[in-house]
Amino acid sequence: MNRIVIKNLQKDFMTLRRGRIRALQAVDLKVDPGAFFVLVGPSGCGKSTLLNIVAGIEKPTAGEIWIGDRQVVSVADKRFLPPRRRDVAMVFQSYALYPHMNVHRNMAFPLKIAGDSEEEISRKVHAAAETLEIKDLLDARPAELSGGQRQRVALGRAIVRNPRVLLLDEPLSNLDALLRTSMRAELKRIQRRMAVSTIYVTHDQTEALTLGDRIAVIKDGLLQQTGSPDDIYSRPENRFVAGFVGTPPMNLLDGGLMEKSQRKVKIDDIEDFSRTEIGLRPEHLRITTPDKGVWRAELDLIAPQGSDQMLYLDLSGRQIIVKTDASRKFIENKAVGIDFDPVNLYVFDKKSGRRIR
Amino acid sequence: MNETRLQWILKALAALVLPAFCLLPFGWMLLVCFSRQPDFLLPQVDFAPTLQNLVDVLTDPSLHLMAYLRNSLLVSAVSAAAATFFAGLSAYSVTRLRFPGRILIPLGVLAFSMFPQISIVGYLFKLMASLDWINHHAALILPYTTLGLPLALWIMISHFAQIPVDLDKAALVDGASRLQILFRIIFPLAAPGALSTVLLVFIYSFNEFLFALMLTTDYTARTIPVGIAMFEGLHGQLPWGHVMAIAVVAILPVLLIAAVFQRRIIQGLVQGAVKG
Amino acid sequence: MAAPDQPPEKNEEARSAWLFNLPLVLLTAAFILIPVGGTLVTSLFRDVTYLPDAFVGLQNYLRLAADLHFWQSMRFTLLFVAVSVTLELIFGLVFALLLNEAMPGRGLLRVIVLVPWIIPIAVSARIWELIYNYEFGLFNFLLQHLDLTQQPVNWLGSSAGAFAAIVISDVWKTTPFMTIILLAGFSTIPQDLYRQAMVDGTHFLQRFIHVTLPLIRPVIVVALLFRTIDAVRIFDLIYVLTGGGPGGATTSLSLYSFQYYVSGDFGYGSCISLIVFLIAGLLAVSYIRLGKFSEVLR
């Protein structure tokens, strides 16, 4: 079984200028065998560091990691397996293709190091090339390939060893939007077929929601929430996750606005909203006539998006985004009313950011 | 574990062996310079510290040490400045103007830098002798400038190439002439590169030996390297203390420059390497 | 005016270009091309100070072919080049690898490594002369103290010793140069390649062989080119350290030529110096062939 278990991982960096920086703190993760696990967070949140530690390229300051039934790293037990003993494959954002080798040799490299015979190597390389549809590129050098092709080669080099664990560090970030969407699907398909435990790192929350079986959101080295895509989206545990996930992002407003509502909205037993923040997703808001809505706002901008449209509203100086069907027609610079079903209202504690409801 | 242990050993090695390897001779030089007897390693001789060696070489009139130092500094500085300036002019033309034979300049200069000095210096001596320039500073400055051109040119070219040509175009549209562009825009922007060049050519000229040896016969223009090579002693026998004292004086200018400008120097070398 | 079919801009550019290049061209012509040409011509003459000049054609060269000292010089020079450059490459690689590791004081180390190269050869040669001193030199002191030899080694007085002395001093002086160049080469290799190689299952030595070496090959070739040609011309170190002795055992070709210049025989001296020129030229051409420089030219 190739379950990955990360316990209480911590990573500190010493820098000359700012002293000690804690890149990762108390990280606990479990990746089920064959699962596609996504680590998502803004730039600099420590996700790449985590990946590097799992691969063995960096050492943690505290904690332990298990792959299958092998303890791969343990600071307390002073154990550290170098990358080559972990049977882990990795794809970097830059692809890291060896420029002086052609595609075939690039993909064969890990097998050659492992000591496979010439025929074995040839067989495995061709099989991987087949899967990734790069058979006709085998003689080319990285410099001659397009971004998408290089990406496939990097992936091919990773899967050619049939590894226990597959680590992907923002592999699609350098591709153009169209390519990215198609590669996402293909990536998922390959991963399913190989049933290899995978950790995928990205800053793109759409990608996370699309690809992951389970997602972990990280900010500043601290895990914010772990769960299924639906958990993360519909039941964010704190303000950060709520605002980070979802396009367009959730509208987060000061709780005091509830006082200024045109009609009373009953939200469970919460009487005092002054120390809260409220959240409403754009698709959960409705436009009505100015006097019938919970609040009165002005429609600033209409941004059509194919079958939907985004409406940018001004609510007492705050910007609100509403997502609605494109068939309804609106006029800019007109007053409108905002309405919503109380069931969809999120309430966060203003100080801690945790979700109350 | 194995690998990190190895890494640690490597670092320790580097930290200890490298400085030892590089600085041992200098340590020795200092010891002998400041010792009364150069043979103090012999069991029967003691080490007695003294400044007398330095005082002797600095004050002895027949040695002309100050003259050598002055000549070296003068010749090196002038040739470094000149080489950088002329190379700058050429580098500008090579990177910005189109003309037939554009590639020939850097390539030709590169080829010339590989000419053995010995095949130049013989005839040069006869030339200089016929012009009665032997023992003149010019006899050294001009060849040194020329010898410094290849190095200077390659560094300047790599620096100029990084300055966007759009700047030139904007200036041309503003009405500037090529020379004005060079002096007001390019040179200031390439100042760090020019500095590296000046330093490297200075070091090269300061250390040059063969030309100085052949083109000077007395102390009027002779440089320090020749001075120390020719030194047979102040009063007859070979007094190593004095030799080392001269050595200390000789390396002081270059060491100072290295200490202050080390980053520039390394950058200059690196440019040459990676570009070449 | 010249080239009326070219746009006037082009002409003006070409003209100013020549102006810009004038100093370089003039200096190079005067102090490199003409002297070399002059040397070539001189080599065809009997040009001795106390005799009238006379054109003798290839007679100097024939004399050279039969000159045993010349061949001894040639052997020494080539042997020196081979040994010296090889050692410098190896040491340079090792030092560059050491200096490539991030460690405190790395900046300082880089400066220290530069010091031997920055010092005038003449000065360091005299220091080495003292170190090799038979009675109270540093080397003999260390060797005897560390029980590596019983007798003090006659460095400068024996041909083998002198050869070793010259090689050691030269390696000491130029390894820093190699190190810096190789370090620069190392820095062009993206870190990600090493990380990928780590994950692909390599250990340190394998990474060095499969990733580092292939990618710095061009840098090595260039560095070797310059060092080899430099080594062929060697003069300063030998003049000061051994004077070509003992008995001409360490006389490099340049020194041999110089000796004739000093004694007034410019014809023969020029002849020898041209041989050096030819060797340097041959080396340059073979390196260029080897390094496939057509790719580098841009």
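Tutor: Two residues are in contact if their C-beta atoms, placed from the backbone, lie within 7 Å, while helices (H or I, at least four residues) and strands (E, at least two) are DSSP runs, numbered from the N terminus. This is a predicted model, in which local features need pLDDT of at least 70 and side-chain atom pairs count only at pLDDT 80 or more, whereas totals for chains, interfaces and linings use all residues. Residues are numbered from 1 along each chain as its sequence is written, and chains are lettered from A and ligands numbered from 1 in the order in which they are written.

The part to look at is helix α2 of chain A, which covers residues 103-114. A residue is called buried if 20 or more other C-beta atoms lie within 10 Å of its own, exposed if 12 or fewer, and partly exposed in between, with the C-beta atoms placed from the backbone. By that rule, the buried residues of α2(A) are V103(A), H104(A), N106(A), M107(A), A108(A), F109(A), P110(A) and L111(A). Among the elements that cover these buried residues are α3 (118-131) and α4 (147-159), both of chain A. Just after α2(A) comes G115(A), which takes a positive phi of about 95°.

For a contrast, consider a residue in another chain: I112(C) sits in helix α4 of chain C, residues 106-118, and I112(C) counts as partly exposed because it has 19 C-beta neighbours inside 10 Å. Leaving out residues up to four places away in sequence, I112(C) touches L18(B), P19(B), C22(B) and L23(B). Chain B, to which those partners belong, has 12 helices and 0 strands.
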